Each structure stands twice: as C-alpha cells, then as structure tokens.
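Colleague: I am new to this structure and would like to learn how to read it. Could we take one feature at a time?

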Amino acid sequence: MIERNPVDDAQVLERLISERYSCRAYLQDRLPQPVIDRILAAAQRTVSDCNTQPWRMYVISGEPLQALREAVYARAMSGAPVSADIPPIPAYTGVFQERRRTCGWTLYNTLGIQKGDRERSARQAMENFRFFGAPHLALITSDASLGPRGLLDCGGYVTAFLLAAQALGVGAVAQASIAQRADVLREHLAIPGEHHIACGVAFGWPDREHLVNSVRTIRAPLDEVVQFVG
C-alpha cells in the first residue's frame, strides 16, 4: 500500500479552493455522463446533520434545459413578483453591502460596464436567468421538513459540487437568484411541494477565452472573520 502524503493532499485542496471561480461563459458541448456522475458521486459524500442527506437534485440538459431557460428568463423580464420557497435576503447592509458591491463592480468593470450604466448592468444581471448559457443546470432542493438545518447541509453540498467540478476541469457557478422563480422551476420540473428549491448550479466546459471568466473575487482577511478564544 502506498502511503499518502497529507501535505500533498492539503496542497491539492488549497489549490482547488483558491483556483475555483464563478464561470459565466461556457462552450456548448455537453459533458460526458461519466463526468457528471463523478461530480455527483463526490458531492454525495457531503456531511449532513445525522447523515440525513436532505438534498434532492434535478440535473437538466438539452431541450428541457432550453425550454426552462426561456421560461425563467421571460418570467424575470416580465417584472412578475418574486416567487421563492426560501425568502431572499431583504437588504444588504454594512460590510455585506460593501462586499456585494465590490463583487458586482469587479464583474462590470471587467466587461467595460461603467458605473451608472444601468442598462448594461441590468442586461448582464439578467444573464443569471439564462443560466449564463451553460449546457447543464443542477437544481438543489431540500426537504421542507428539515427546515434551516437542511438548507445548511445543502450549502455544504454546493461547495463539494463546485470543488469536484473544478477538479475535473468543469466550470460552474452557484445561482441563488434563479430560486426566486420557484414557480416556473416547479412547473417545468414537476418538483413536489415538500422539496424547497434552494439554488441552482450552472455548469459545463468553460469558455476560457471569454473575458468574463477572468473575473476573480477577493476574500476578507482572517482577522475580520475569525475570533480565537483560549
């Protein structure tokens, strides 16, 4: 048996975490099914409260995805009220608003969208509802009976999914925004009422030549978010 070097393992994990990014432009080639299966199998090992594994996945591709893309985009463009199983954040304040703005303007500046250009920034924001043109969408739901604890575990699942995708050279972006169109998603995918829609993950082979995929966000220093006791 070959002994593994924990230092090497740590370096691989650190590299995957640091190099992962939100992919917003994709090639149209669909992923081979074994690649998708491998991502899902890795994510399935996510830790959960008492091993309840509250997530239920809907992986959509091909013609059903295109129909869903068109329907979600049309509903978002219509200005219809938000329909969400899980209420969105009502308002961002303080440091959270600062981080959100920095993230948004890093994206817009990279694409040459100037501050005050509401038309172009709104048009770019609406690409969320096209799933950024990705050839695949994973929709993550949580059993309603497990409440906030189930949603917490689904957050861990999304992280594992994103890191597994990164390890296989697959681009991906987590999407909370599309969960605000739960009515359209539920209608197209026949999602039972007890499956609360948490978020989506658009994924596929990344378009590495597209400028938008050069965007990288920053993270707060540890002393802003960590307090050591003892």
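This is a predicted model: local features need pLDDT of at least 70, side-chain atom pairs count only at pLDDT 80 or more; totals for chains, interfaces and linings use all residues.

Colleague: Which residues of H6 are buried?

Modeller: Buried means under 20% relative accessible area, exposed means over 50%, and partly exposed is in between (1.4 Å probe, protein chains only). In H6 the buried residues include Gly150, Asp153, Tyr157, Phe161 and Gln166. Gly155 is also in H6, but is partly exposed, with a relative accessible area of 36%.

Colleague: What covers the buried residues of H6?

Modeller: The cover includes H1, helix H2 (33-43), S1, S2, strand S3 (171-175) and S4.

Colleague: At what angle do helix H1 and helix H6 pack?

Modeller: Axes are lines fitted to C-alpha atoms, for helices over the stretch in contact, and angles run from 0 to 180 degrees between N-to-C directions. Angles under 35 degrees count as roughly parallel, over 145 as roughly antiparallel, 65 to 115 as roughly perpendicular and the rest as oblique. Helix H1 (residues 6-19) and helix H6 (residues 147-167) pack at about 100 degrees, their axes 10 Å apart. H1 is therefore roughly perpendicular to H6.

Colleague: Which residues of H1 and H6 make the contact?

Modeller: Contact means heavy atoms within 4.5 Å. H1 contributes Leu13, Leu16, Ile17 and Glu19, and H6 contributes Leu163, Gln166 and Ala167. For classes, Ala, Val, Leu, Ile, Met, Phe, Trp, Tyr, Cys and Pro count as nonpolar, Asp, Glu, Lys and Arg as charged, and the others, Gly among them, as polar. The contact of H1 with H6 has 5 nonpolar, 1 polar and 1 charged residues.

Colleague: Is Gln166 buried or exposed?

Modeller: Gln166 is buried, at 18% relative accessible area. Leaving out residues up to four places away in sequence, Gln166 touches Leu16, Glu19, Arg20 and Tyr21.

Colleague: Which residues touch the most other members of the largest nonpolar core?

Modeller: In soluble globular proteins, nonpolar side chains tend to be buried together. A nonpolar core is a set of buried Ala, Val, Leu, Ile, Met, Phe, Trp, Tyr and Cys residues joined through side-chain atoms within 4.5 Å. The largest core here has 27 residues, and Phe131, Leu137 and Leu139 touch the most other members. Strand S1 (55-61), helix H3 (62-78), strand S2 (136-143), helix H7 (182-189) and strand S4 (195-204) each supply at least two of its residues. H3 gives the most, with 5 residues. Apart from this core lies another, of 20 residues, among them Ile39, Trp55, Val158 and Phe203.

Colleague: Where is Ile197 placed?

Modeller: Ile197 is in strand S4 and is buried, at 1% relative accessibility. Ile197 and Ser142 are 55 residues apart in sequence but 6.6 Å apart in space, C-alpha to C-alpha. Beyond four places in sequence, the contacts of Ile197 include Asp85, Leu139, Ala182 and Ile191.

Colleague: What phi does Asn51 have?

Modeller: Most residues other than glycine have a negative phi, and most peptide bonds are trans. Asn51 is not a glycine, yet its phi is positive, about 60 degrees. Asn51 lies in the loop between H2 and S1 and is exposed, at 53% relative accessibility. Gln53 lies in the loop between H2 and S1 too, with a positive phi near 50 degrees. Gln53 is partly exposed, with a relative accessible area of 26%.

Terms used. Residues are numbered from 1 along each chain as its sequence is written. Side-chain values use heavy atoms; hydrogens and water are left out. Helices (H or I, at least four residues) and strands (E, at least two) are DSSP runs, numbered from the N terminus.
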